[in-house]
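Hello,

Here is the structure I promised to hand over. Please have a look at it first; my notes follow below.

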Protein chains: 2
Amino acid sequence: MNDKTPPDENADQAAGGEANPPTLKTIAFMTGLGVTTVSRALKDAPEIGAATRQRVQLVARQIGYRPNRAGVRLRTGKTNVISLVLDTEEQVGGFVSDLIYGISEALAQTPYHLVVTPYSRNNDPLEPVRYVVETASADGVIISRTEPDDKRVRYMTERGMPFATHGRTHMGIDHAFHDFDNHAYSVEAVKKLAALGRKRLALLAPPSNLSYYHHMRDGFADALMEHGLSEVPFPMATVDHSIEDIRKQTVELMRRPNRPDAFVSGAGAGTFALVAGIEEAGFRIGQDVDIVSKQSSKLLHLLRPQLYVVNEDVRLAGAELARAVLGRIAGRDIAALQSLSKPKAVEAYETPAPGKSTD
Amino acid sequence: MNDKTPPDENADQAAGGEANPPTLKTIAFMTGLGVTTVSRALKDAPEIGAATRQRVQLVARQIGYRPNRAGVRLRTGKTNVISLVLDTEEQVGGFVSDLIYGISEALAQTPYHLVVTPYSRNNDPLEPVRYVVETASADGVIISRTEPDDKRVRYMTERGMPFATHGRTHMGIDHAFHDFDNHAYSVEAVKKLAALGRKRLALLAPPSNLSYYHHMRDGFADALMEHGLSEVPFPMATVDHSIEDIRKQTVELMRRPNRPDAFVSGAGAGTFALVAGIEEAGFRIGQDVDIVSKQSSKLLHLLRPQLYVVNEDVRLAGAELARAVLGRIAGRDIAALQSLSKPKAVEAYETPAPGKSTD
DNA sequence: AGCACAATCTGAAACGTTACAGTTCTTGCA
DNA sequence: TGCAAGAACTGTAACGTTTCAGATTGTGCT
């Protein structure tokens, strides 16, 4: 038993005083088995005896063995990394934090790590994706800001890189995604505003290159039609514009003779600017104008209870996206990895605990 | 030249049709040099001739050589990874996004990747740090929610893991950090409120286990003293509490006979709840009560121009923290890697472009 | 001419893992 | 009894890199 390996190698492990992390060799030495057997036993390979398997796994657990990621990666190419590709110009508002938390939570029970790969909106969005694929630095990728015809989707599909998108595409390529149903959202929003008697609606839309621009806009148009309402075009502002820009554009819009009497807003932060602009122009929310807004944080109602909101659970989106990439990596069927999150009902502000309310 | 390496190995490279990424061996074959020489030439080792060095580097650049991370990591232990340890219960408000963007930007020009290592506030904060250290899965760590006597700091110092903290400690261990000067912040805030004629101030403080609780509180106390003002204790709410909790506690506080006539708030999201609570209790910002708030997004003024704000640049903090860990990894002196961000002046709302203002 | 020495280059080994191609031992069956 | 087949295990090589210990030159000096 003692002569099967060169003595000096075992010495390291036998000394025991050292605290360098245990490797397969450590376990091999402790169990008297070969490194290959240990490797196999740990991954429940069929050609290992049940007794041996258990013994190896017991020892591994006892000494706190963890496979060396670099070793595995070098040998197999498997990185155990999911890359989240992020636009660093992204508007504030907690959106990204929640996405990251959601992904992290889903990844916590797995051997996967989350690495954030940034890019600037001004540069080519394909660039970071190409980097990840070319350097094989992740087993799967999550992207957002999905476009109807998205070259990143095409690229990763061609290169066989598993991925999931936050948002859908319309390019004849089937892929894993999670999306919020923005069509349903704006339909509900318009319905609410119609019920309130509003007639002339404006939409604070996403930038027109993104997929969900079309969903939100189509839902908006469909619902306007259905309720016999008209649209006041508001193309000078999108949720991507700066808060300052949106506010200014809103002021201008509200000073026009054909101003809207209601808004549907595609993003919480944008709604702050909308409200500010509307009020700066001299109108009042809930009276002159109604607004339905999507929000991912719960802040809007605190300062403008007159708003109507629909909450988007971005943390859930993160978890779903993680689930989806992991599924693709495991080779699961795409159809099972596509999810659409239906908006909850439009919420008005509920007056809090009984007592005096604001004057 | 042809007989120095086994023929089959070169065949791979010579075939050329394959698109597998170039390695040192590829360059070695192309230049006719040994792998060792190539490795050395690429890192400007002194024992390589100038001509050879240039030739190798030229070829490497031409064929787009990138060192295989797994190979480097396995051999040297260097991961080229910075781990950002995050509390996933963190309040919304864009704070974390900006931190990540700041770090990402600073890391973009380096070979470092950013991995997000999450933990729940309810579990042991040391746990994720121990994981990173034990598995040597990063070359450096960034932590937030720093405590005066922080066991993570002690642990990483003992184990020789380079790190930087967002926030300072007071435990006799010198280490890299970046911090916002919350002492100065609350001094300025109180000064502002004193100038407005406020007398009875309350503080929406951080949780008392965090370092910046003490800074903010001390600055608050010092300034109260200096201006001869008094404090209305408000210990039932901290910036860590949920929006809902803060709102409720604020309502209660404002209904007491000894209610405050001003607040200093340690966080933007908390301020939303403060405002809501104050107004729900029937008081008005700017009239019955004044508030000075820190904020990392620019949303507060949009809906309550009466607020006074101090902006905290969290993106900058991220960049500074990245700079600091990288410095530690490079062995730079700790003293050069400690930075404190002074608050800008307290800002009142500037009325925007000339025109009608809100009624 | 002989020799030391620097300059420049080199192969082999190692990091920890897995895949491949065995090797040994039992067992079942002709 | 002999032998094939399976069960259980093993060593070697390889992934791409860096380090170690040379090897091969050429140059200057005596």
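Leu114(A) has Val116(B) as its bridge partner in β2(B). The model is predicted. Strands β2(A) and β2(B) pair in the antiparallel sense, over three bridges.

That pairing sits within an open sheet of 12 strands. The order is β11(A)-β5(A)-β4(A)-β3(A)-β1(A)-β2(A)-β2(B)-β1(B)-β3(B)-β4(B)-β5(B)-β11(B), with mixed pairing. Which strands are at the edges? They are β11 (338-341) of chain A and β11 (338-341) of chain B, and each pairs on one side only. From one strand to the next, the twist averages 20 degrees.

Phe180(A) has Ser341(A) as its bridge partner in β11(A).

Helix α7 (residues 126-134) of chain A lies across β1, β2 and β3 of chain A, and also across β2 of chain B. It runs at about 140 degrees to β2(A).

Now the interface. Here 53 residues of chain A are in contact with 53 residues of chain B. About 4700 Å² is buried between the chains, and carbon and sulfur atoms give 64% of that. In chain A, Tyr101(A), Leu302(A) and Leu303(A) lose the most area to chain B, together 14% of what that side buries.

The rule finds two salt bridges across the interface. Glu134(B) and Arg66(A) meet in a salt bridge through their side chains (3.7 Å, N to O). The side of chain A that touches chain B has 24 nonpolar, 14 polar and 15 charged residues.

Best wishes

Notes. Residues numbered from 1 in each chain as written. Chains lettered and ligands numbered in written order. Predicted model: local features only at pLDDT ≥ 70, side-chain atom pairs only at ≥ 80, totals over all residues. Heavy atoms only, no water. Pairing = 2+ DSSP bridges. Helix = DSSP H or I, 4+ residues; strand = E, 2+ residues; numbered from the N terminus. Axes fitted to C-alpha atoms, helices over the stretch in contact; angles between N-to-C directions. Contact = heavy atoms within 4.5 Å. Buried area = accessible area lost by both parts, 1.4 Å probe. Salt bridge = Lys/Arg side-chain N within 4 Å of Asp/Glu carboxyl O. Nonpolar A, V, L, I, M, F, W, Y, C, P; charged D, E, K, R; others polar.
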